[in-house]
Amino acid sequence: MRTAGRRIDEVLDGYRPHDRAEAADVTRVRELAHGAEDPWLRAIPLHVTASALIVHPGSGRVLMRRHPRMGTWLQVGGHGDPGETEPLDVALREAREETGLGDLTPWRDAALVQVVIVPVPAGGGEPAHEHADLRYVLTTALPDAVRPERPDAPLRWMTPAEASEATSEENVREALRRVGKLLAATD
């Protein structure tokens, strides 16, 4: 197994899927990590991405980004850059780039909050494909410092319930339910 695949395997080793569908996605991600020369490579039909739900624990809010291509509110994150193998580092880099927040830190134990394979429709010169998304929770103490990366990708702080209503993606709603439980446990 190559370095990138080995690191993904290590991240998944301590993760417990929440249901059968997620267990099946974890299995597919492991197969990808073992079988692909570079599981992060955008040119393959299923490739790894890393994303994050950013929370401000003091207010109990989560930061959502209006995704221009997908046309809905989503978490931040995306593709690894060449040579990146650490999923959490990819999630942190993408989150900083997309939000301008420089103080982002992983939630408590830096563990995954969700593993999900999501279909991505054709667009932007890319054919339809799938993202094997490894999702984390990041925190900020400076919610007012947020600055969108692009004007067509606005950011908005919402309660988990508001964010759940704003997104059209059921997999994101599930991630928000998990984040809501984390936030409730800190009260």
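The model is predicted, so local features are reported only at a pLDDT of at least 70 and side-chain atom pairs only at pLDDT 80 or more, while totals for chains, interfaces and linings use all residues. Residues are numbered from 1 along each chain as its sequence is written, and side-chain values use heavy atoms, with hydrogens and water left out.

Starting with the overall fold, the protein chain has 5 helices and 8 strands, where helices (H or I, at least four residues) and strands (E, at least two) are DSSP runs numbered from the N terminus. Read from the N terminus on, the elements go α-α-β-β-β-β-α-β-β-β-β-α-α. The radius of gyration of the protein chain is 16 Å, close to the 16 Å that the globule rule gives for 187 residues, so the chain is as compact as a globular protein of that length; this radius is taken over C-alpha atoms, and the rule is 2.2 Å times the number of residues to the power 0.38. Along its principal axes, the C-alpha trace spans about 45 × 35 × 30 Å.

Of the 187 residues, 48% count as buried; here buried means under 20% relative accessible area, exposed over 50%, and partly exposed in between (1.4 Å probe, protein chains only). As for contacts (heavy atoms within 4.5 Å), 69% of those between residues at least 6 apart in sequence join residues at least 24 apart.

Next come the pockets. A 1 Å grid is laid over the protein atoms alone, and a pocket is an open set of points with protein on both sides within 12 Å along at least five of seven lines; lining residues have an atom within 4 Å of a point. Grid points are joined across faces, edges and corners, and a volume is the space filled by probe spheres set on the points. The largest pocket has a volume of about 690 Å³. Its lining takes in 31 residues, of which His67, Gly77, Gly78, His79 and His131 lie nearest the centre. At least two lining residues come from each of β1 (46-56), β2 (61-67), β4 (76-79), α3 (87-99), β6, β7 (129-139) and α5 (170-185). By class, this lining splits into 9 nonpolar, 10 polar and 12 charged residues, with Ala, Val, Leu, Ile, Met, Phe, Trp, Tyr, Cys and Pro taken as nonpolar, Asp, Glu, Lys and Arg as charged, and the others, Gly among them, as polar.

The second largest pocket holds about 160 Å³ of space. Lining this pocket are Trp107, Arg108, Asp109, Ala110, Ala111, Leu112, Val113, Val137, Arg178 and Leu182, a set with 7 nonpolar, no polar and 3 charged members. Arginine 108 sits in the loop between β5 (105-106) and β6 (114-120) and has a positive phi of about 30° although it is not a glycine. Alanine 110 lies in the loop between β5 and β6, and its phi is near 60°, again a positive value in a residue other than glycine. Arginine 108 is exposed because its relative accessibility is 63%, whereas alanine 110, at 28%, is partly exposed.

Arginine 178, also in the lining of the second largest pocket, belongs to helix α5 and is buried, with a relative accessible area of 8%. Not counting residues up to four places away in sequence, arginine 178 touches Tyr15, His18, Glu22, Val113 and Gln114. Asparagine 171 is found in helix α5 and is buried at 16% relative accessibility. Its contacts, leaving aside neighbours within four places in sequence, are Gln114, Val116, Val118 and Arg135.

Valine 115, in strand β6, is buried with a relative accessible area of 1%. Its C-alpha atom is separated by 8.8 Å from that of leucine 12, 103 residues apart along the chain. Beyond four places in sequence, the contacts of valine 115 include Leu12, Tyr15 and Glu22.

Note on methods:
On a 1 Å grid over the protein atoms alone, a cavity is a set of points where a 1.4 Å probe fits but cannot get out, and a pocket is an open set with protein on both sides within 12 Å along at least five of seven lines; lining residues have an atom within 4 Å of a point.
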